[in-house]
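Please look over the following structure with me, and let us work through it by question and answer.

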Amino acid sequence: MHYHNLSICFLFQFIFVSPVQRMHWSMNTLLLPPYIELGVHSLSGLLWTFLLLFLWHCYRMGSDLPMPGHAHGGKLKSGSRRSMMTRGGSCAGTKSSARSKLLRSDQITPFISMETEEDEEQGQGYLAPVLSHALFPGQASAEAKKRYEALQEYAKRYSWVGMGRIHKGLREQVRLNDLSAIQKPHLFFLPDVPSVPFFPRDAHRHDIEVLEANYSVIFAEFKAVYQRGIDSKQGWTSLGPKGHAVFPLYSAGVSVAANCRSCPRTYRTLLCLRTFISSNSLGSAGFWLLGPGATLGSSYGPTNTRLRCHLGLQTPPLCELVVGGEPQCWSEGHCLLVDDSFLHTVSHKGPSEAGPRVILSVDLWHPNVAAAERQALDFMFSPDL
């Protein structure tokens with residue numbers, strides 16, 4: 001019982017002593033019970049001895065942890081940054097710590113160049129961690145190389161974190177353009193993005209509800225614009241045969257000021273949308289008309305990073321949208337979410353007296369594009385570039 005009480009007293013002394021006092025402890029300072037010297041094989045005493053040794057081990061391991069704020073920028077973080085220190089003495093421990101730091105720096109995954117061969121020859125390569133060792137394809141178009149340079153500039157200003165899919169997409173765009181596929185965006189394809197021709201309302205419920213709630217106001221402003229006549233002088237573009245025309249509010253990420261002034265409440269509705277692409281050339285919004293008997297042939301949209309939201313304003317019968325082989329019809333006052341990077345066609349086979357099919361088309365971010373990727377795409381596809 002005496003030995004048991006002595007061990008308990010030492011345990012309380014170990015726990016409640018100040019950290020400054022514990023810093024100078026060594027194994028010699030441990031008050032080992034006298035039964036160890038006498039060779040008493042008490043099971044209870046042996047268990048207490050193991051407990052004390054375990055507490056000492058935890059204290060020493062904890063003291064070896066690195067001080068916060070001393071991590072070096074540009075190095076990868078490791079799950080275990082603790083040095084393998086020798087317990088023989090302070091001098092040996094210091095040498096072992098230095099050797100372990102050198103070993104860690106040698107084992108860090110080397111950065112991989114993301115520059116073209118030209119840049120490497122000039123010694124101006126910008127290093128960044130990516131998944132591929134290959135350089136940017138030399139046969140890429142001038143437009144693709146321009147986007148790649150914009151991605152590099154963005155990474156220099158901000159970070160490469162989260163840019164893996166974008167870098168991969170820029171590299172694979174050349175190969176994608178040569179393939180025959182049902183989904184083939186001609187400008188930029190973001191890999192590993194799950195997609196279907198038509199998305200459910202839940203993908204952008206808030207924005208859909210905002211648009212549908214303002215259906216009557218939006219339709220009234222369209223009719224006022226339509227009654228002034230379809231003419232380029234009135235702000236209409238893409239004038240085609242059989243009543244095909246577009247009245248843009250946003251074109252390639254830039255607001256059309258005169259047209260927005262003609263439809264102020266529709267413009268304010270667009271500003272209330274959470275995922276409207278209004279800062280880069282991938283996004284547009286406006287009224288789209290298609291006259292009776294007109295058909296827009298098969299085509300691909302520029303990217304799979306967006307969804308087109310169609311709010312039906314005037315939808316005569318026999319109007320159809322086929323995306324990726326799946327047909328759908330518009331409904332007045334309701335929205336369709338479409339991934340136009342799939343092969344799609346639009347037709348209006350109704351009678352001439354039915355009038356044009358009218359929709360408000362709004363480009364929204366694809367729900368599987370992360371916030372960091374959206375910011376990078378805004379930079380890469382900035383209207384100013």
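Q: Which side chain meets that of Arg308 in a salt bridge?
A: This is a predicted model, in which local features need pLDDT of at least 70 and side-chain atom pairs count only at pLDDT 80 or more, while totals for chains, interfaces and linings use all residues. Residues are numbered from 1 along each chain as its sequence is written, and side-chain values use heavy atoms, with hydrogens and water left out. A salt bridge here is a side-chain nitrogen of Lys or Arg within 4 Å of a carboxyl oxygen of Asp or Glu. At 2.6 Å from N to O, the side chain that meets Arg308 in this way is that of Asp363.

Q: In which strands do Arg308 and Asp363 lie?
A: The pair links distant parts of the chain, 55 residues apart. Helices (H or I, at least four residues) and strands (E, at least two) are DSSP runs, numbered from the N terminus. Arg308 is in strand β8 (residues 306-314), and Asp363 is in strand β13 (residues 357-365).

Q: Are Arg308 and Asp363 buried or exposed?
A: With a 1.4 Å probe and protein chains only, a residue is called buried under 20% relative accessible area, exposed over 50%, and partly exposed in between. Salt bridges that share partners join Arg308 and Asp363 with Arg306 and Asp340 into one network. As for Arg308 and Asp363 themselves, both are buried.

Q: Which residues lie nearest the centre of the second largest pocket?
A: On a 1 Å grid over the protein atoms alone, a pocket is an open set of points where a 1.4 Å probe fits, with protein on both sides within 12 Å along at least five of seven lines, and lining residues have an atom within 4 Å of a point. Strands β7 (295-299), β8, β12 (344-348) and β13 each supply at least two residues of this lining. Of the 24 lining residues, those nearest the centre are Trp288, Arg306, Arg308, Asp340 and His344.

Q: Where is Asp192, which meets Lys168 in a salt bridge?
A: The side chains of Lys168 and Asp192 come to 3.6 Å, N to O, and the pair links parts of the chain 24 residues apart. Lys168 is partly exposed at 35% relative accessible area, whereas Asp192 counts as exposed at 56%. Lys168 belongs to helix α8 (residues 164-177), and Asp192 is in the loop between α8 and β3 (198-199).

Q: What is the phi of Ser238?
A: Most residues other than glycine have a negative phi, and most peptide bonds are trans. Ser238 is found in the loop between α10 (215-227) and β4 (245-251), and is partly exposed at 45% relative accessibility. Although Ser238 is not a glycine, its phi is positive, at about 55°.

Q: How far apart are the end C-alpha atoms of helix α7?
A: The expected span of a helix is 1.5 Å times one less than its number of residues. For the 16 residues of α7 (residues 142-157), the span should therefore be 22 Å. The distance between the end C-alpha atoms agrees with this, at 23 Å.
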